[in-house]
Amino acid sequence: MTFTSEQDALRDSVRKLLDREADPWPELCEQIGVAALAVPERFGGLGAGTTELQVVAEELGRVLADVPFLGSAVLAVHALLATGNEEACERLLPRLAEGVVGAVAWTSAEGRWDTPACRASQSTVEGEAHYVLHGDEAEILLVLAGTSLYEVSDAQRVRTPAMDETRRLARLTFDGTPARLIGSVDLTTLRDLACAVLAAEQAGAAARAFELTVEYSKQRHQFGRPIGGFQALKHRMADLHVLVETARSAAYAAPESSRMAAVAKVHCSEALATVAGEMIQLHGGIAITWEHPAHRYFKRAHGAAHLFGAPGEHLRRVRPAATAEPGTG
């Protein structure tokens, strides 16, 4: 993947800011404009493309930043743009571009992202949406019902306890909640975009987990020498390096097609899970302490793998014939 000088500068700026800010979202929005990246210029944004979103996501993944980028700057913005509703875009996108948090209520308790959990009836919505990214703190609430996007003023919100404490999720309940129809949305296209950006985040997390593991293998000694010098570990490190690099390649190829988005979701999920697992094993006892970040990367790997659909679901999109029941063709 070849990046432009502007994309390299964006990466560098985001990384430096994340290194110095404990609560990076306000500064990411004010100084760099990450919330405005996907918003067209006519709505007060920067009009950037998917690659720029992925560059930011990759850097956020490296430090497991708990910010509303994926749910607000990616999902909410693209859901609104997909409707083609100029009035709604003029009203909501400038606020999202400034960093106001938006959320899209979408999936069921079973984690089905191919069919929205909520339903609409005239000017109200009913149902319960789970795993809503930053849904408990969002000021702009959007609900997918059928193939349409609705705007609601509020909902019953409960933050969902999650193993991954760096991913803020919520459960939103709608009981005859007044809703404003915005327009229709192609769910497959929206999910593919989300998977492409998530894959970049996973690749960034895998890369950082690998870097930390390599650094530790040079510091930890056994039998009077660094463990990284043993041939068996060199082979394992080489395999992890290949996983990290191929995950990054798959992530940036994801926007090319729906099939490539599915490939990226599968490969990046498995790559991060493998690297995080090896990180814990190669760090030894220190990796299972609360103070060490290894457990955080492992938890992020597990949670991210199920976001927008588990790898097995996307694998069936890539190879439907190979995963069909015997005798079904």
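Colleague: How do the residues of the lining of the largest pocket divide into nonpolar, polar and charged?
Modeller: There are 10 nonpolar, six polar and five charged residues in the lining of the largest pocket, where Ala, Val, Leu, Ile, Met, Phe, Trp, Tyr, Cys and Pro count as nonpolar, Asp, Glu, Lys and Arg as charged, and the others, Gly among them, as polar. This is a predicted model, in which local features need pLDDT of at least 70 and side-chain atom pairs count only at pLDDT 80 or more, while totals for chains, interfaces and linings use all residues. Residues are numbered from 1 along each chain as its sequence is written, and side-chain values use heavy atoms, with hydrogens and water left out.

Colleague: What volume does the largest pocket have, and which residues are closest to its centre?
Modeller: Its volume is about 380 Å³, a volume being the space filled by probe spheres set on grid points that are joined across faces, edges and corners. The largest pocket is lined by 21 residues, and Tyr131, Leu169, Gly303, His306 and Leu307 are the closest to its centre. On a 1 Å grid over the protein atoms alone, a pocket is an open set of points with protein on both sides within 12 Å along at least five of seven lines, a cavity is a set where a 1.4 Å probe fits but cannot get out, and lining residues have an atom within 4 Å of a point.

Colleague: And where does the largest share of that pocket's lining come from?
Modeller: Helix H9 (residues 294–306) gives the largest share, five residues; helices (H or I, at least four residues) and strands (E, at least two) are DSSP runs, numbered from the N terminus. H9 is followed by Phe308, which has a positive phi near 65 degrees.

Colleague: What lines the second largest cavity?
Modeller: Its lining consists of Gly71, Leu75, Ala103, Val104, Trp113, Tyr131, Val132 and Leu133, with H4, strand S1 (102–105) and strand S3 (124–133) each giving two or more residues. By class, seven of the lining residues are nonpolar, one is polar and none is charged, and the volume of this cavity is about 30 Å³.

Colleague: Back to H3, is it mostly covered or mostly exposed?
Modeller: H3 is mostly covered, as 12 of its 14 residues are buried, including Leu53, Val55, Val56 and Leu60. H3 reaches 21 Å from its first C-alpha to its last, close to the 20 Å expected at 1.5 Å a residue, where the expected span is 1.5 Å times one less than the number of residues. Just after H3, Leu64 takes a positive phi of about 55 degrees.

Colleague: Last one: which helix gives the most to the lining of the second largest pocket?
Modeller: Helix H2 (residues 25–32) does, with four residues, and the second largest pocket contains about 270 Å³ of space. Nearest its centre, among 20 lining residues, lie Asp23, Pro24, Trp25, Pro26 and Val67.

Terms used:
Buried means under 20% relative accessible area, exposed over 50%, partly exposed in between (1.4 Å probe, protein chains only).
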